[in-house]
Amino acid sequence: MQEQGCSIDERVWISRRADPYVYRHRDGNYYFTATVPEYDRIILRRAESLEGLKEAEEKVIWKKHERGPMGNHIWAPELHYLDGEWYLYFAAGDAEDKWHIRPYVLRCRQKDPFMGHWEEMGMMQCAQEDEFSFRSFSLDGTVFENQGKRYYVWAEKTGVGKMISNLYIAQMETPVRLKTAQVLLSTPDYPWERRGFWVNEGPAVLHHAGKIYLTYSASDTGVNYCMGMLSMDENQDVLDPANWKKCRYPVLASDEEKGIYGPGHNSFTEDEEGRPILVFHARTEKEIKGDPLYNPNRHTMLMPFGWKEGGEPVFKF
């Protein structure tokens, strides 16, 4: 088994940036975006190295509306390059109702997303026959491809009272519209997914050795926050939930000895040598003042990782 860890100092990479997403483009540049504590804008950084991102200029590419949709709780942006254009997926509430969270899309048709113009494409659209998707609290959309098809995975709440946050998947018709109706991919089954709130959210996809690995985050956003994982053979139908195997235990959780609490909402990238890197946020204090959602001290961290002999990733502080 190959395993790699890193020290706590290396993990505190970019302060007060949650839900981090790092994308390495074919031009060699790394792009970084994340949730800011004020929940009022979308930022972008660019550098030729991961180390360079740490101190890179941070540009505001979009700001929340003063009224109506996209007016509050701007969360979890992700940058994707699809069909020769840039797309940025994020969640937002209404200015008058911050909990009316829905998924939205920005597009940049210029070559340079850092300097180009970003246009609003509106809310992510479900398939015509789908009467359920995006009707309730929906967020954390991510995009991946497999066997020539493109898929969208997101979290959406269902039920009454506190409600339950599940993961859903659908095939995409275009970068802004789904082709198929939602399929329930994962629901909080285990006790570690039900602490504070019953939550599956923040999906991220990794391909390796003929397998698809989908990590996600579970429980509330404080010290209970942790990472779970689903996996399947890439030759199987990704829209059949029976093909996905769910890990019985979290693959990354708070480590009091290391002083790392609530790791989650990750993305994947690689360093300049091609080694896999887990990008995630976590806290460095166990006791959180006030509501964890509005505490700004979720920091972006990096973790090099390796693989088990069977091909599964190994995440270890």
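Rings of Phe, Tyr and Trp (for Trp, the six-membered ring) pair if their centres lie within 6.5 Å; planes under 30 degrees apart count as stacked, over 60 as edge-to-face and the rest as tilted. The structure is a predicted model, in which local features need pLDDT of at least 70, side-chain atom pairs count only at pLDDT 80 or more, and totals for chains, interfaces and linings use all residues. Residues are numbered from 1 along each chain as its sequence is written, and side-chain values use heavy atoms, with hydrogens and water left out.

**Exercise 1. Aromatic pairs**

Count the aromatic pairs, then classify Trp75 with Phe137 and Tyr190 with Trp192.

Solution. 
- Step 1. The rule gives 24 aromatic pairs.
- Step 2. The ring centres of Trp75 and Phe137 are 6.3 Å apart and their planes meet at 55°, so this pair is tilted.
- Step 3. Trp75 is in strand S5 (residues 72-82), and Phe137 is in the loop between strand S8 (119-123) and S9. The pair links distant parts of the chain, 62 residues apart. Strands here are DSSP runs (E, at least two residues), numbered from the N terminus.
- Step 4. Check burial. Buried means under 20% relative accessible area, exposed over 50%, partly exposed in between (1.4 Å probe, protein chains only). Trp75 has 8%, so Trp75 is buried. Phe137 has 13%, so Phe137 is buried too.
- Step 5. Tyr190 and Trp192 are stacked, at 6.0 Å centre to centre with 20° between the planes. Both Tyr190 and Trp192 are buried.
- Step 6. Look for a cluster. Tyr87, Tyr89, Phe134, Tyr152, Trp154 and Tyr168 form one.

**Exercise 2. Charges over rings**

Which rings have Lys162 and Arg248 over their faces?

Solution. 
- Step 1. Apply the test: NZ of Lys or CZ of Arg within 6 Å of the ring centre and within 35 degrees of the ring normal.
- Step 2. Lys162 sits over the face of Phe197, 4.7 Å from the ring centre.
- Step 3. Arg248 sits over the face of Tyr249, 5.1 Å from the ring centre.

**Exercise 3. The largest nonpolar core**

Solution. 
- Step 1. A nonpolar core is a set of buried Ala, Val, Leu, Ile, Met, Phe, Trp, Tyr and Cys residues joined through side-chain atoms within 4.5 Å.
- Step 2. The largest core has 29 residues; Trp75, Ile169, Leu185, Leu214, Val238 and Trp244 touch the most other members.
- Step 3. Strands that each supply at least two residues include S5, S9, S10 (149-158), S11 (164-174) and S15 (211-218).
- Step 4. S15 gives the largest share, 4 residues.

**Exercise 4. The second largest cavity**

What lines the second largest cavity?

Solution. 
- Step 1. A cavity is a set of points on a 1 Å grid over the protein atoms alone where a 1.4 Å probe fits but cannot get out; lining residues have an atom within 4 Å of a point.
- Step 2. The whole structure holds 2 cavities of 30 Å³ or more.
- Step 3. The lining consists of Ala76, Tyr89, Phe90, Ala91, Pro103, Leu139, Asp140, Gly141 and Tyr152. Strands S6 (85-93) and S9 (138-146) are the elements that give two or more residues to this lining.
- Step 4. By class, the lining has 7 nonpolar, 1 polar and 1 charged residues.

How values were computed: 1 Å grid on protein atoms, 1.4 Å probe; cavity = no way out; pocket = protein on both sides within 12 Å on 5 of 7 lines; lining within 4 Å. Points joined across faces, edges and corners; volume = space filled by probe spheres on them. Nonpolar A, V, L, I, M, F, W, Y, C, P; charged D, E, K, R; others polar.
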